[in-house]
Amino acid sequence: MSSKSNALENIPHGAPLISHRLSQFRSWLSNDVGAKIHPSICIVNGEANDGTKNAPILLYGSASSNPSEEAQGNSDSQSKDSNNRCGMIDSDLDRMLWDRTMGCQVRTVREMKKGETMVDVPKSGMVTPKLIACSDAGRAVLSCCESDSSMEEDSILWETLGTTRELLSNQMNKIKHQSGTQLLVTILRERKKAEDFLSKALSKSTAEMKFSAASKGSVSSRAPYLAFLLHQRFAPNPNPPVVDPYRDVRRVDPNDEHNKDLLISGNNASSIPMGPSPPFNSPRTFSPYANTLPPATSIPICWKRNELAYLAGCLSGLTTLQEVAAHTLVLSNDLTLLVQAGILHRFADLFPKGSITWDHWVWAASVLMSRSLNSNLFYGDYPSDSKNTVAAWEDVGILVPFLDMLNHERANSQIDWVLPKPDEETQPHALVLKRVKKGCQVYRFYAPNSSPGLHVDGTPEPILTNQIMIMNYGFAQIGNPSDEMAIAWGLCNAVGNIPSPSEYDFLMVKGDAPVELSGKKKKNTGVNGVPIQSVFYTDLRKLKKTNLVFE
């Protein structure tokens, strides 16, 4: 049992444990981060109902048969059943509490007036690419990849890794013509492949492993973020430092034969390359923040087989299923390459047995996807010395402790995030836009320009549609005024040999319909014997502006 587990062994699971973690988080936020919180603000684990006992309760199910075994790193206790969700951590009691309460809420114990500051968070207290690049976890990921030692320390990590957006886009191009059933099989197969590879690696000793560094650009820029979250959440000691000052930081080339003995020596901290200095006044640890992150999320990359099957069975769910498949393929590839490079065996002091599992890896990704914020709007100016560094800031985004606890409301949002001007000495802060009564919950609007926009097609999303909300946050809004609906129709050459438009692409191929890409035609057998020349997709909002009438 780790010392971190020992520190919490006398605290029951469920509500007492969450209360303990929230108390530690608020103390850390004020004392270590230096954030200033309005005295009227409190963090609660609120009931997700309307005050009656008949309100619906969302249950995620069980991820493992024995939570205590999972906490101790017993890989055999990990769920292999595709009927269970993945990306679930902590005990059943903890997850049941989050199921019933839908997580934390930020509420007022006294009235907050318009123009007051709800919270300010120094930039040094945010999880940014700059913090990740200097962290032990980030440098461990760098040590698992082929890199150019002549690069600047501030940018070497991001120049070594591939941009997440491009890697997602590459996977999307490979699966874009798969049917719903084929996508479902791809997702489930990739999950099992990653679990089996990880289980096989854990069964080998360090001496039995043959490490090979990941090629440059093959691991995504999201991977060090995930490693950082896992290190801060599951490290053996209660408050693991972001950067251990006693760690030997000599640069070591994993492909150099002279370093072979060093790389297979076990807990060799010296194989972590030297990194940049941490941000000024940055807290020593982010563990209190990582401990308040939810034990499970409801975004589709965590969904079980039966839930994903609903997406596979309808046209409107196909795009979301394609994104789930692309994210799953990238996550599996990142984990497999890092394990092959020895992240489990070479850095056992950072990642003890049980800290890196497929469920934990997906959990970290789901937390990052659902809580990351736009760097331009929530941080301001950031380093732009290289393309990949900019991509890390823009694609993955940043995490702002406490602010990411606020729930979403479009009409009832009461705060706006304000960045200080260059000549101001204030910190980035949340400004109250309208009076918040005593006992009310504080909301913010999850506008698309408030998230990094990790959309696999690489295009910015103009509005917050239900598809985006489901993919990034795990919920949809009934009567969402920004929602879209895809409508398709076919033009058949049976009514005048109508040629295909010069520039178009199929979003989906149904049945034996033809596939045409860049002017290259495959066999056109049509649907039910009728040859189809083209399929178009538009959005319903645009049709409202036309004179088209649907009967």
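**Salt bridges, a helix and a sheet**

Student: What relative accessible area does D196 have?

Tutor: D196 has 36%, so it counts as partly exposed. Buried means under 20% relative accessible area, exposed over 50%, and partly exposed in between (1.4 Å probe, protein chains only).

Student: What kind of model am I looking at?

Tutor: This is a predicted model: local features need pLDDT of at least 70, side-chain atom pairs count only at pLDDT 80 or more, and totals for chains, interfaces and linings use all residues. Residues are numbered from 1 along each chain as its sequence is written, and side-chain values use heavy atoms, with hydrogens and water left out.

Student: Okay, back to D196. Which residue forms a salt bridge with it?

Tutor: K192 does, and the closest N and O atoms are 2.8 Å apart. A salt bridge here is a side-chain nitrogen of Lys or Arg within 4 Å of a carboxyl oxygen of Asp or Glu.

Student: Why are K192 and D196 separated by about one helical turn?

Tutor: Because they are four residues apart in helix α9, residues 180–202. Helices (H or I, at least four residues) and strands (E, at least two) are DSSP runs, numbered from the N terminus.

Student: How many salt bridges does the whole structure have?

Tutor: A search of the whole structure turns up six. One of them joins the side chains of R371 and D404, with 3.2 Å from N to O.

Student: Where do R371 and D404 lie?

Tutor: R371 lies in helix α15 (358–371), and D404 in the loop between α17 (387–396) and β5 (407–408), so the pair ties together parts that are 33 residues apart in sequence.

Student: Is R371 buried or exposed?

Tutor: R371 counts as buried, at 13% relative accessibility. D404 is buried too, at 7%.

Student: Which residue meets E111 in a salt bridge?

Tutor: R435 does, side chain to side chain, at 3.1 Å from N to O. E111 lies in the loop between β3 (105–108) and β4 (117–120), while R435 lies in the loop between β7 (429–432) and β8 (443–444), so the pair ties together parts that are 324 residues apart in sequence.

Student: What is the relative accessible area of E111?

Tutor: It is 35%, which makes E111 partly exposed. R435 counts as partly exposed as well, at 48%.

Student: New topic. Where is R26 found?

Tutor: In helix α2, which covers residues 15–33. R26 is partly exposed, with a relative accessible area of 28%.

Student: What does R26 touch, leaving out residues up to four places away in sequence?

Tutor: I37, H38, I41 and C42. Contact means heavy atoms within 4.5 Å.

Student: How far is R26 from F402 in space?

Tutor: They are 8.7 Å apart, C-alpha to C-alpha, yet 376 residues apart in sequence.

Student: You listed I37. Which residue does I37 stand opposite?

Tutor: V119, in β4. Two bridges join β1 to β4, and these strands run antiparallel. Two strands pair if DSSP finds at least two bridges between them.

Student: What order do the strands take in the open sheet?

Tutor: The order is β1-β4-β7-β6, four strands with antiparallel pairing. At the edges are β1 (36–37) and β6 (415–418), and each pairs on one side only.

Student: Through what do strands of a sheet pair?

Tutor: Through backbone hydrogen bonds, either parallel or antiparallel.
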